[in-house]
Amino acid sequence: MERKVKPSDSPLSFEMFGIRFKNPVWTASGCFSYGLEVAENLYDISQLGAVVVKGLSFKPRQGNPPQRIAETPCGMLNSIGLQNPGVEYFVREILPKLREYDTVIIANVFGEDREEYVKVTEHLDRADGVSALELNVSCPNVKKGGIAFGSDPETLYSLVKSVKQATGKPVLVKLSPNVTNILDTATASVEGGADGLVLINTLLGMAIDVEKEQPIIGMKTGGLSGPAILPVAVRMVYQVYEKYGADVPIIGVGGISDHRDGLQHILAGAVALQIGTANFYDPYAPLKVIKGLEDHLKRKGYSHFLELVGKAHKLKIN
Ligand code: SIN
């Protein structure tokens, strides 16, 4: 069988779905906006393996009322509510600017119902410059769509199927950790036709202001991200890789602050990494992860990072 992920011309570059990624370090949806603020003010985003843009719905969304963000021990809660200008605006006004950079653009797709998911997908299918789609079935902060689609395997299976029928582009499904067994939703996605899985979105959490004696987040709950969720994400990547091995590419996201966190995801089975919350306190974090991975490969004598993918599974416990 042909390998789904193949090394390319440098220790960090690879090919997947017929797309060349210059490295496995991507920015996570919602944590890097559409990439342009960083590109115009801080650094050339062409250095990144890919940029995954903020979730796009068909109609623009205002998002949730404040307070939308709260700092927590080793992490943060967010409840943005998928604020975005709508897919048509994105394609017309933002994508042409983003396409000036030599990085892979992946669009995160959201809908309140199946029809909206399909409409957004069809629109992005026609958009030159968007290489792949990431299906958001895991946002915990919306009343309709998001996690409502991603927690029931049958609903998820049929949504992924509908979305796959609406596009020829690769579809990655971003899964929620807020389920009893991640293998149920991973399997439903793969059987529905997912080309790859993105693990994990945020964990549902709450923080309470003890002076005001009420939840800090306006919607009461929010999605927990940051270093606190690294072990949960690594465990879920490991579990899904254990079932599918190299047959289903896994993109690891959750708690990655530096290259050593990223290596945990890779050793568990991820072929690419998304850097999320770390961007909020250090927008250079993705570049540091790239450099750290390069140095690690040299120091350990590996010729390509793919040699490390899933390696933590090789240890047999007697
Ligand atoms: C949000 O916009 O509320 C977060 C998006 C997500 O968790 O997918």
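T72 is in contact with L77, A207 and L224, its neighbours within four places in sequence being left aside; contact means heavy atoms within 4.5 Å. T72 belongs to strand β6, residues 69-72, where strands (E, at least two residues) and helices (H or I, at least four) are DSSP runs numbered from the N terminus. At 15% relative accessibility, T72 is counted as buried; buried means under 20% relative accessible area, exposed over 50%, and partly exposed in between, with a 1.4 Å probe and protein chains only. A polar atom of the T72 side chain lies 3.3 Å from the backbone nitrogen of M76. Such a polar contact is a pair of N or O atoms within 3.5 Å; within protein, one must be able to donate a hydrogen and the other to accept it, and residues adjacent in sequence count only if both atoms are side-chain atoms.

The model is predicted: local features need pLDDT of at least 70, side-chain atom pairs count only at pLDDT 80 or more, and totals for chains, interfaces and linings use all residues. Residues are numbered from 1 along each chain as its sequence is written, and side-chain values use heavy atoms, with hydrogens and water left out.

For I80, a backbone N or O atom lies 3.1 Å from an oxygen atom of the ligand. For G81, a polar backbone atom is 2.8 Å from a ligand oxygen, and for L82 the corresponding distance is 2.7 Å. The ligand taken alone exposes 260 Å², of which the protein buries 91%; accessible areas come from the Shrake-Rupley method with a 1.4 Å probe, and for residues only the protein chains shown count as cover.

A polar atom of the N141 side chain lies 3.0 Å from the backbone oxygen of N78. Beyond its neighbours within four places in sequence, N141 is in contact with N64, N78, S79, I80, G81, T221, G222 and G223.

The largest nonpolar core has 100 residues, and the members that touch the most others are W26, I45, F90, L124, L135 and V173. Helix α7 (residues 230-244) gives the most to this core, with eight residues. A nonpolar core is here a set of buried Ala, Val, Leu, Ile, Met, Phe, Trp, Tyr and Cys residues joined through side-chain atoms within 4.5 Å. F90 touches Y34, V53, L56, L95, P96, L98, L124 and V130, with residues up to four places away in sequence not counted.

The count of disulfides is zero, a disulfide being a pair of cysteine sulfur atoms within 2.5 Å. C31 is in no disulfide, and the nearest cysteine sulfur, that of C139, is 12 Å away. C139 likewise is in no disulfide. C31 is buried, with a relative accessible area of 17%, and C139 counts as buried at 7% relative accessibility.

Two cis peptide bonds can be described. One joins P66 and Q67, with omega about 0°; Q67 lies in the loop between β5 (50-56) and β6. Another runs from L199 to I200, with omega near 15°, and I200 is found in the loop between β11 (196-199) and β12 (203-205).

In S33, which is not a glycine, phi is about 45°. S33 is located in the loop between β4 (25-27) and α1 (36-41) and is partly exposed, with a relative accessible area of 28%. Phi of K220, a residue other than glycine, is near 80°. K220 lies in the loop between β14 (214-215) and β15 (222-225) and counts as exposed at 51% relative accessibility.

S10 is in the loop between β1 (5-7) and β2 (14-16) and is partly exposed, at a relative accessible area of 27%. S10 and F305 are 295 residues apart in sequence, yet 9.6 Å apart in space, C-alpha to C-alpha. With residues up to four places away in sequence not counted, S10 touches K22 and H304.
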